[in-house]
Amino acid sequence: MAEVTTFASSGEDVITRTIDVQVDVANPLSQDALEDTFDISRTVEEIEKGDYKRIALQFPDELLPHSVPIFKTLKSKTASVRELYVLADTSYGSCCVDEVAAQHVDADALVHYGHACMSQPSRLPVIYVLGKKPLEPSHCTESFLGALNSSLDNKTVVLKFDVAYTHKSDAVIAELKSRLSPSTRILHTTIPLMVSPPTSEPQNAVPSLQESHAPEKPSPSEHMAHEAAPEESVILYVGGESLALTNLLLTHGSYEVFSYDPKSRMTRLESGRTNKLLMRRYAVVQKARDADVIGILVGTLGVANYLPLIAHLRDIIKKAHKKSYTISVGKPNPAKLANFLEIECFVLVACPENSLLDAKEFLRPIITPYELEVALQPTQSWTGRYVLDFGQLLREHEEDVERHSEVPREEEPEDLDQPVFSLVTGRYRYAKRYGGTNEPSGSSEGGSSAIILRNQESALSKMDDSAAAQFLQSRTFRGLETRIGEDAPSLLEQGRSGIARGYADDHRDDT
């Protein structure tokens with residue numbers, strides 16, 4: 001007779017079972033290759049020059065296998081008084097400088113390894129080690145020129161590089177200069193490898209475009225401080241498909257953009273999909289217009305100007321008679337944000353590469369600060385212009401305030417009861433109004449929305465403009481009730497002991 005196994009086993013076979021795990025570990029580099037790839041000599045030189053005592057080494061997940069050899073090499077080449085710390089599992093995006101984790105070890109400098117968004121840090125000096133991915137400049141130039149549909153005479157070529165290929169920028173520029181006519185200008189962005197926190201004077205992590213082949217005595221018009229006109233320019237992006245390329249397409253929607261992928265060794269025209277990207281963002285902006293409660297999602301604590309930007313967002317939301325909540329949840333995911341059901345739209349304050357989230361899996365739309373400014377405009381207008389830089393948004397806001405202060409204008413009183421037409425639903429809707437008109441925060445008078453039911457004894461509690469409290473009253477389940485003085489306290493009982501696979505009292509009746 002075949003042995004009959006019990007339906008509920010003890011689970012011992014699961015605990016003692018051996019599982020074969022194959023770990024994909026990166027191939028170790030030789031000492032010479034390690035020092036060349038990760039710029040050991042330059043890193044040591046910057047550390048010694050700045051006389052930093054406590055240095056944090058920030059690695060993305062894909063470079064963690066190299067962290068120990070890099071740590072040991074740097075330790076052997078620096079003075080014994082200098083302390084090194086390895087940072088992993090960044091608080092937000094790995095492309096940003098994790099100043100929060102660096103402050104936990106009281107670091108006075110940080111070395112950032114791998115891909116970087118090059119956002120201006122706010123507190124610590126940063127040494128960037130961007131890596132050196134292989135790139136063949138001659139093939140890049142040949143492929144780019146072969147993909148063009150017109151001549152580049154009297155035009156401008158703007159070079160944009162993924163940070164891992166910037167070590168080949170001079171070689172690519174030399175190849176382009178040898179194959180293009182002298183009337184063609186080549187502009188490129190110099191990536192700084194050492195960035196200090198901002199001082200009293202404004203500092204940009206990424207400087208303006210510079211002309212790479214200026215003559216000996218250039219005229220003022222040939223010093224390009226800004227990008228050339230779209231109709232006279234072509235942008236070549238060297239790098240694979242990435243968020244940096246997507247941001248480039250959105251912020252340069254009027255330009256003709258080509259990308260060269262060193263891995264596939266192919267060049268393609270990218271600007272054809274810019275309109276689709278902008279149409280998606282425009283649809284999200286329309287959803288944001290219908291939102292009455294907006295969550296300001298803090299996605300960085302290390303990018304300069306993030307605090308003034310948050311204050312600016314709160315101000316414009318308040319002026320639009322909407323409610324704002326500021327939330328910091330680390331790396332956002334659908335499960336975290338689903339806990340805030342009263343919030344109808346999120347605005348993400350993060351670096352440019354992390355500002356655009358694919359919100360298909362999220363319950364609520366997620367927009368950028370610039371999209372919020374567009375959504376809160378009284379009249380719906382958008383030319384397709386796109387801004388992701390914090391500093392630029394704040395500067396434009398200050399300039400707009402100065403213009404309006406110089407030319408005062410009479411504002412008509414706003415009708416708060418007027419319905420608003422929604423392009424999402426195709427119907428008129430009555431928006432919720434928070435903050436009143438010009439009432440002070442301490443005013444004793446309030447609207448009917450300020451009075452809510454507090455408990456089952458019909459005691460009323462006044463909560464001015466609390467969207468969360470109003471949402472709580474609309475829910476069926478509002479949490480556990482204390483019922484103080486109504487229920488008798490229960491007796492203390494001895495609980496179970498043991499582990500989950502078999503408590504001590506599980507088989508008391510077994511014979």
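The legends below describe an overview and close-up views of salt bridges in a predicted model.

**Figure 1. Overview of the protein chain with its 14 helices and 21 strands.** Helices (H or I, at least four residues) and strands (E, at least two) are DSSP runs, numbered from the N terminus. Of the 511 residues in the chain, 38% count as buried, where buried means under 20% relative accessible area, exposed over 50%, and partly exposed in between (1.4 Å probe, protein chains only). The chain exposes about 30,600 Å², of which carbon and sulfur atoms supply 51%, the areas coming from the Shrake-Rupley method with a 1.4 Å probe, and for residues only the protein chains shown count as cover. Since this is a predicted model, local features need pLDDT of at least 70 and side-chain atom pairs count only at pLDDT 80 or more, while totals for chains, interfaces and linings use all residues. Residues are numbered from 1 along each chain as its sequence is written, and side-chain values use heavy atoms, with hydrogens and water left out.

**Figure 2. Salt bridge between Glu175 and Arg179 in helix 7.** A salt bridge is a side-chain nitrogen of Lys or Arg within 4 Å of a carboxyl oxygen of Asp or Glu, and the structure holds 18 of them. Here the side chains of Glu175 and Arg179 meet at 3.7 Å, N to O. Both residues belong to helix 7 (residues 169–179), where they are four residues apart, about one turn of the helix. Glu175 counts as partly exposed because its relative accessibility is 23%, and Arg179 counts as partly exposed at 39%.

**Figure 3. Salt bridge between Arg268 and Glu241.** The closest N and O atoms of this pair are 2.9 Å apart. Arg268 lies in strand 11 (residues 266–269), whereas Glu241 lies in the loop between strand 9 (233–238) and helix 8 (243–251), so the pair ties together parts that are 27 residues apart in sequence. Arg268 is partly exposed, with a relative accessible area of 46%, and Glu241 likewise counts as partly exposed, at 49% relative accessibility.

**Figure 4. Salt bridge between Asp315 and Lys319 in helix 10.** The closest N and O atoms of Asp315 and Lys319 are 3.3 Å apart. Both residues lie in helix 10 (residues 306–319), four residues apart, about one turn of the helix. Asp315 is partly exposed, with a relative accessible area of 31%, whereas Lys319 is exposed, with a relative accessible area of 57%.

**Figure 5. A salt-bridge network of Asp36, Asp39, Arg42 and Lys132.** Salt bridges that share partners join these four residues, Asp36, Asp39, Arg42 and Lys132, into one network.
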